[in-house]
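Thanks for asking me to look this one over. Please have the sequence and the coordinates open beside you as you read.

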Amino acid sequence: MARRRTAGAAAVAAALIAALAACGGPAGGAVTLPTSPAPSIGSASPTDKPTDRSPQGVLLSAEQVLQTARRAKLSYRFDTPDGKSDSADGSLYWAPRTIMQLTKTNPGATDQLIVMDTVSYQGGDAATAARLGGKHWVKSPEVLGPDGHPVTPFAALVDQLNPLEAVTAAANAPDLRKLGEEKLGDSTVEHYTASLSVADYAAAQQNLLTADRRDSLAATLGQGGVTTLTLDLWLNDKDQLVQLQRGGTGTKGDLNQVIQYSEFGGNLAVQAPAESDTQGGGS
């Protein structure tokens, strides 16, 4: 299903693309993503919401909210069928380019991950500096995809964290339904649930991801023999996705992923490390 952006959102996205191109910075310097906010979605009142309040209508409204916001803070915990766990806090820009910063919260973890569209940086802690002889970050080299264009590092993780992809998949699920209102922290939220196959979840991203990215996402979510996903989504009164739970049962165990989102469209600054403090990437 084709999705449309509002003219205002498109104009802001174009402005951010231009700003990103202009802020590349000198070699060896840091790059700071512009933090001018998108059109405020926090000020929207319930009367601004679409009149179609069916489950699919609400999810389509949530898609529009996410297309406008383009960024949010997040906190996640992923438990995989093989018994491994991963958790982190950070922020994600899903449009117009991919920018992500995560600080690991696994027990004993101190490292960070920064993705700046086509390059990544890992480390930022004392342990990395000790291993690298003083430098704090390992920079990934730029990798070209089958189409000759640079690929986004850690794309499968980005796609699992991207709230727009989850809402898009849920909106396309045939059994999408509202379970009712619940309390989440101090807020009253609406709880929606849906189920669909891993293949259909990935296929729903045809307007958001390349075929290679869709295949990679399906392979990641299908690890351990998981074939069917259950999505639970909690939306606030602005149709913002504040919590997502994605799970499934495989031949080797259960997949359970919980992501909480906040500060949609907020002033979230992400800065690339100084080149002088990195190793790798051809430096």
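Below are a few numbered points on this predicted model.

1. Let me start with the nonpolar cores. The largest has 48 residues, and those with the most contacts inside it are Y76, W94, M100, L102, L161, Y201 and L233. Helix 5, residues 163-171, gives the most to this core, contributing six residues.

2. L161 is worth a click. Setting aside residues up to four places away in sequence, L161 touches L74, Y76, F78, L92, M100, L102, I259 and Y261. There is also a second, separate core of ten residues, with Y93, I99, I114 and Y121 among them.

3. Next comes N162, which sits in the loop between helix 4 (155-161) and helix 5. Is N162 buried or exposed? Its relative accessible area is 7%, so N162 counts as buried, the cut-off being under 20%.

4. What surrounds N162? Apart from neighbours within four places in sequence, N162 is in contact with L92, W94 and Y261. A polar atom of the N162 side chain lies 2.9 Å from the backbone nitrogen of L164. N162 and L74 are 88 residues apart in sequence, with 9.9 Å between their C-alpha atoms.

5. Finally, the helix pair. The axes of helix 2 (residues 55-69) and helix 5 come within 9 Å and cross at roughly 160°, which means helix 2 is roughly antiparallel to helix 5. Helix 2 passes helix 5 in a left-handed crossing. On the helix 2 side, Q56, L59, L60, A62, E63, L66 and Q67 meet P163, L164, V167, T168, A170 and A171 of helix 5.

Definitions and conventions
Residues are numbered from 1 along each chain as its sequence is written. This is a predicted model: local features need pLDDT of at least 70, side-chain atom pairs count only at pLDDT 80 or more; totals for chains, interfaces and linings use all residues. Side-chain values use heavy atoms; hydrogens and water are left out. A nonpolar core is a set of buried Ala, Val, Leu, Ile, Met, Phe, Trp, Tyr and Cys residues joined through side-chain atoms within 4.5 Å. Buried means under 20% relative accessible area, exposed over 50%, partly exposed in between (1.4 Å probe, protein chains only). Helices (H or I, at least four residues) and strands (E, at least two) are DSSP runs, numbered from the N terminus. Contact means heavy atoms within 4.5 Å. A polar contact is a pair of N or O atoms within 3.5 Å; within protein, one must be able to donate a hydrogen and the other to accept it, and residues adjacent in sequence count only if both atoms are side-chain atoms. Axes are lines fitted to C-alpha atoms, for helices over the stretch in contact, and angles run from 0 to 180 degrees between N-to-C directions. Angles under 35 degrees count as roughly parallel, over 145 as roughly antiparallel, 65 to 115 as roughly perpendicular and the rest as oblique. A crossing is left-handed if the near helix is turned anticlockwise from the far one by less than a right angle, and right-handed if clockwise.
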